[in-house]
Amino acid sequence: MQSQWIRLGPKALRWLLPLGLTLVAAGLFSTTRNLDAYNRSPYPLPPIPRFAARFAANNVLPNEASRWIDQARVPVEARLLRGETVADVLGKLGLQGSELRDATNVLARKVNLRSLKAGNHYSAFFNPDSKLASFEMTLDGSGRIEMVRRGAQWQSDWQPFHRSLEMRSVQGTLTGSLEDSIRTAGGPPALAYRLAEVFQWDLDFTKDLQPGDRFQVLYEEVQLDGRFRDVGTIHAASYDNRGRLHEAYRYGDSAVYYDGEGRPMRKMFLRSPLRYSPRITSVFSLHRFHPVLKEYRPHYGVDYGAPVGTPVQVTANGVVSFAGWDRGGGNVVKVQHAGGFLTCYLHLSRFASGVRPGARVRQGDTIAFTGATGLASGPHLDYRVKLRDGWIDPLSLKSVRDEPIPTARLASFRSWRDQLRSGLRDGKAAHGLHTQLAVGDAAPQQPARSGVAR
């Protein structure tokens, strides 16, 4: 054994000696390089002193600063969680027993605690002794409540948000989605959905919109404390769809929109059962290849691709004749309408509350939610229309308008329409839009402040 170590010793030494010299050289090179960089630096860093107990014994900060730091409050910010109550929040912040009851009662005098919603912001401030000093909560769209500790008592103050309406005008060209195009023009994306509601009888926002279309909207912007809150009433809108101009003007106290000739926008049937669906995936056909059954057969409806849970609206007033499971259609709702019309909504995930046979529904009511039940290859809505004994193409359905403006009031309407047209064209609010007109009275009463978003 000893002779074996003697034989291996010189070999190991020949390997270890060069390796050790290499490591020593690398260390020297690294140290020299760092030292050279330090010496070449125009601003060499001074050495950092180590902590020593004698520094802690000295009063480094002035007494004035120390006094203010001792009195500083520590803030905590969070949001109200789902299912959480104010008592739960105050309990987490350290209030217990009678203190918790007193603080909750003080808040209850200013706001309805049951109306608080998840997501409301709140801030809590603590004294240096870790006791709660004050509590603030913002009620979304309403105001702000503040509670301050005064000795053993709590005082509260309610500050409601100031709500105001500003008239806005947006003009633009469709380059992508309607929401993005409105945002590019300077308006809020939510305006796209309001615009779809105004033109829902004349434009199918799933297939009619084309790049290059022009739009103009005159609307109210709801502000809280001078900041945007929501989109209010649309007073006028125009949409040039591939050279075909659609106009809508709100007139009278019944919140009815009329076209440029005084004819009501509302018709017997909506163009689409979905307020804002991204696409049509299949059209009415007598010879279509079924994606599930793998055979050619008639498709008597129009398929709208939409995520599961998208609200489905009934396209006309009527009575629910069926709501349940219908073989390949999955969950289905059928609604009977005047004139022998029947509309059907297939592959639903669930039904809206109160939708059952015999229930009366009004145009635009949510009756169900999209899904992929039955023979469906993916989430969508199959919308069908039957006239007496035969199926018809929903996209070619001819709608009947409501009653137009009486002839005696047409002059009044046209004067009001011209003011709105001027507002759309010039990007300025027409005089008197802030006050709703009575039917037949086109004389504006109160001027509205105007603003332009381009």
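**Exercise 1. State how many helices and strands the protein has, and what share of its residues is buried.**

Solution. Step 1: the protein has 8 helices and 22 strands, where helices (H or I, at least four residues) and strands (E, at least two) are DSSP runs numbered from the N terminus. Step 2: of the 454 residues, 39% are buried; buried means under 20% relative accessible area, exposed over 50%, and partly exposed in between (1.4 Å probe, protein chains only). Step 3: take the contacts between residues at least 6 apart in sequence; 62% of these join residues at least 24 apart, a contact being heavy atoms within 4.5 Å.

The model is predicted: local features need pLDDT of at least 70, side-chain atom pairs count only at pLDDT 80 or more, and totals for chains, interfaces and linings use all residues. Residues are numbered from 1 along each chain as its sequence is written, and side-chain values use heavy atoms, with hydrogens and water left out.

**Exercise 2. Compare the span of helix α5 with the expected one, and find where its buried residues lie around the axis.**

Solution. Step 1: α5 covers residues 97–108, which is 12 residues. Step 2: from first C-alpha to last it reaches 17 Å, close to the 16 Å expected at 1.5 Å a residue; the expected span is 1.5 Å times one less than the number of residues. Step 3: its buried residues are L100, A103, T104, V106 and L107. Step 4: down the axis of α5 these fall within an arc of 160 degrees, so they line one face of the helix; the arc is that of the directions from the helix axis to the C-beta atoms. Step 5: the cover over them includes α4 (86–92), β3 (132–139), β4 (143–150) and β5 (153–160).

**Exercise 3. Describe the packing of helices α6 and α7.**

Solution. Step 1: α6 (residues 178–185) and α7 (residues 191–198) pack at an angle of about 120 degrees, with axes 8 Å apart. Axes are lines fitted to C-alpha atoms, for helices over the stretch in contact, and angles run from 0 to 180 degrees between N-to-C directions. Step 2: L178, E179 and I182 of α6 make the contact with L191, A192, Y193 and L195 of α7. Step 3: the buried residues of α7 are L191, A192, L195, A196 and V198. Their arc around the axis is only 155 degrees, which puts them on the same side of α7. Step 4: these buried residues pack against β6 (163–173), α6, β7, β8 (227–241), β9 (244–251) and β10 (256–258).

**Exercise 4. Characterise the surroundings of E221.**

Solution. Step 1: E221 lies in strand β7 (residues 214–224). Step 2: its relative accessibility is 11%, so E221 counts as buried. Step 3: leaving out residues up to four places away in sequence, E221 touches S164, L165, E166, R168, F228 and D230. Step 4: its side chain makes a polar contact with the side chain of Q223 at 2.8 Å (a pair of N or O atoms within 3.5 Å; within protein, one must be able to donate a hydrogen and the other to accept it, and residues adjacent in sequence count only if both atoms are side-chain atoms).

**Exercise 5. Give the phi values of R242 and H347, and place each residue.**

Solution. Step 1: most residues other than glycine have a negative phi. Step 2: R242 has a positive phi, near 55 degrees. R242 sits in the loop between β8 and β9 and, at 58% relative accessibility, counts as exposed. Step 3: phi of H347 is also positive, near 65 degrees. H347 belongs to strand β18 (residues 341–351) and is buried, with a relative accessible area of 5%.
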